[in-house]
Structures are given as structure tokens and as C-alpha cells.
Amino acid sequence: MNMHNDVWPLISIITPSYNSKNYISDAIRSVQAQTYTNWEMIITDDCSADNTVAAVQPFLEDERMKLIQLSENSGPGVARNTSIEAANGCYLAFLDADDQWLPEKLEKQLQFMQEGQIAFSFTSYQKVKKDGTDTGTIVTVPERVEYEQLLKQNVIGCLTVMLDRERVGEVKMNPMRTRQDFALWLSLCRRGWPAYGLQEVLAKYRVVEHSISSNKIAMAKNNWRMYRDIEQLSLPRSLWYFFHYVYRSMRKYLEK
């Protein structure tokens with residue numbers, strides 16, 4: 001297959017890793033099991049202190065696999081940007097080292113984007129426990145999301161996103177330590193690229209205790225910073241969207 005072939009374009013998979021030795025093998029195997037085979041996976045390790053790099057080494061026999069090691073710990077935003085800079089594909093797809101895809105993820109999402117002339121897409125996904133067993137929670141997605149809607153709630157799972165980089169132009173994440181993916185989705189929508197949801201479960205998100213995303217107070221603080229510092233919204237607009245964020249978060253919590 002040719003990387004610039006219009007029918008079978010190369011897809012670059014962007015994966016940051018940090019202390020992921022227990023999970024990264026599962027992530028890689030889920031990529032190697034894809035029914036769509038014209039991909040490259042670029043893992044950037046952010047100075048893991050465990051044996052993450054050693055866990056990746058056996059998979060490098062697959063010439064589609066690439067490993068980059070950062071010289072100092074810099075956070076997932078920098079790690080993802082490093083992978084993006086090394087990417088050759090017409091499309092970018094994101095997969096964190098502790099998550100997994102279902103086998104038809106790339107094939108179905110590429111078809112969805114090509115048929116709909118879509119530049120920015122995401123999919124539904126299921127949540128799994130630390131040991132990989134199902135939690136019974138499915139995260140469904142809307143058909144389309146624009147900037148104003150996204151400010152109220154981030155409904156886009158990073159592990160499901162695929163971008164047509166030839167259409168959206170430069171793709172670069174903010175180097176901040178958290179919520180850098182949300183900042184990129186907002187930036188793309190603000191630039192006129194709405195996100196389209198493929199309403200089919202095609203990925204597995206691993207719920208890890210004590211992660212940043214599990215700390216609701218930290219998440220709220222990060223959202224406020226997003227409104228004020230990154231998107232530079234006025235105080236009244238920031239309060240308006242923050243109210244929506246808190247309301248929707250509380251409703252989701254009460255529905256559990």
C-alpha cells in the first residue's frame with residue numbers, strides 16, 4: 001500500500017507512554033490486530049522509570065512500529081507532539097499506552113471520514129477496569145460537535161480521535177501537562193472543523209484510579225484554566241461555560 005494512496009492512505013498512530021509497562025503490550029497488540037493494515041505506530045516514551053521501553057522492544061520487529069525516547073520527562077503533550085512531528089501519514093489517530101482499539105476501528109473510521117468528507121472524527125467507546133474487564137459503561141457520542149457545544153463539555157475521547165491532517169493543517173498540542181487534548185479539539189472546532197461522531201463502540205478506555213481524570217476537583221480547575229488562559233474567554237463567558245460544565249458533571253455523577 002502507498003502512504004499517499006487516496007483509497008488506502010497511511011494512518012499514523014500517535015502514542016505517548018510513561019510508566020506503562022503493564023498495559024502497553026495490550027495497546028500495541030490491538031493496533032496490530034487492525035483489519036486496516038496501512039498504518040505506522042509512533043510511540044514516544046516520556047522517560048519511563050519502569051520497563052516500558054523494554055516492553056516495547058520486541059514489537060519493533062514489525063517495521064510499522066517506531067519508538068522515540070525523550071531525554072527528559074516533559075508530559076504527554078510534548079510526547080504526542082514528538083510523535084506527530086515524526087509522522088508520515090495523511091491521517092493521525094490517537095491511542096494512549098493504557099487503552100486499546102477494537103479490530104475494525106481504523107477501517108470503519110476511515111470509511112466514515114472518506115464517505116462523509118470529514119476532517120475530524122471520534123467514536124463511542126467502552127470503559128474497562130484496570131485489569132481489562134468490562135465496567136458495563138458505554139460512552140456514546142453525538143453526531144456532530146461544534147465549538148460552543150464543546151466548551152460546555154468535552155465529549156471527545158482522545159483514544160477515538162482521527163484527523164485528516166491534509167485538511168485541518170498543522171496539528172500540535174499545547175505542552176501543558178493536562179487537558180492538552182481538549183485544547184486541541186477546541187482549537188480545531190474554533191478554526192472551523194467541527195467533530196463528527198461515529199456512533200459505534202470501537203475503543204476501550206482503561207479506568208485507572210488516582211489518575212488526573214478521576215480527580216474531579218483537579219479537572220474542574222483545569223477546565224477553568226482552559227476557559228481563561230487557553231481560550232481567553234471573558235469572565236462572564238467563562239462563568240457561563242463553567243456552570244454548564246459543573247451541572248453536566250454532577251448530572252453524570254448522580255446518574256451512576
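Modeller: Before we start, one term: buried means under 20% relative accessible area, exposed means over 50%, and partly exposed is in between, using a 1.4 Å probe and protein chains only.

Colleague: Thanks! What kind of model is this?

Modeller: This is a predicted model, where local features need pLDDT of at least 70 and side-chain atom pairs count only at pLDDT 80 or more, while totals for chains, interfaces and linings use all residues. Residues are numbered from 1 along each chain as its sequence is written, and side-chain values use heavy atoms, with hydrogens and water left out.

Colleague: Okay, salt bridges. How many does a search of the whole structure find?

Modeller: The search finds 11 salt bridges. A salt bridge here is a side-chain nitrogen of Lys or Arg within 4 Å of a carboxyl oxygen of Asp or Glu.

Colleague: Which residue does Asp229 pair with?

Modeller: Asp229 forms a salt bridge with Arg225, at 3.9 Å from N to O. They are 4 residues apart in helix α8 (residues 216-230), so about one helical turn separates them. Helices are DSSP runs of H or I with at least four residues, strands are runs of E with at least two, and both are numbered from the N terminus.

Colleague: Is Asp229 buried, exposed or partly exposed?

Modeller: Asp229 is partly exposed, with a relative accessible area of 48%. Arg225 is partly exposed too, at 38%. Elsewhere, salt bridges that share partners join Asp26, Arg29 and Arg206 into one network.

Colleague: Nice. And which residue does Arg237 meet in a salt bridge?

Modeller: That would be Glu148, at 3.2 Å from N to O. This pair links distant parts of the chain: Arg237 sits in helix α9 (residues 235-255) and Glu148 in helix α5 (residues 147-152), 89 residues apart. Arg237 is partly exposed, with a relative accessible area of 35%, and Glu148 is partly exposed at 38%.

Colleague: What about Asp62 and Arg64, what do their side chains form?

Modeller: Their side chains meet in a salt bridge of 3.0 Å, N to O. Asp62 counts as buried at 16% relative accessibility, whereas Arg64 is partly exposed at 24%.

Colleague: Switching topic: where does Thr15 lie?

Modeller: Thr15 lies in strand β1, which covers residues 11-17. Thr15 is buried, with a relative accessible area of 0%.

Colleague: And which residues is Thr15 in contact with, leaving aside neighbours within four places in sequence?

Modeller: Contact means heavy atoms within 4.5 Å. With those neighbours left aside, Thr15 touches Met41, Ile42, Ile43, Thr44, Ser83, Leu95, Asp96 and Ala97.
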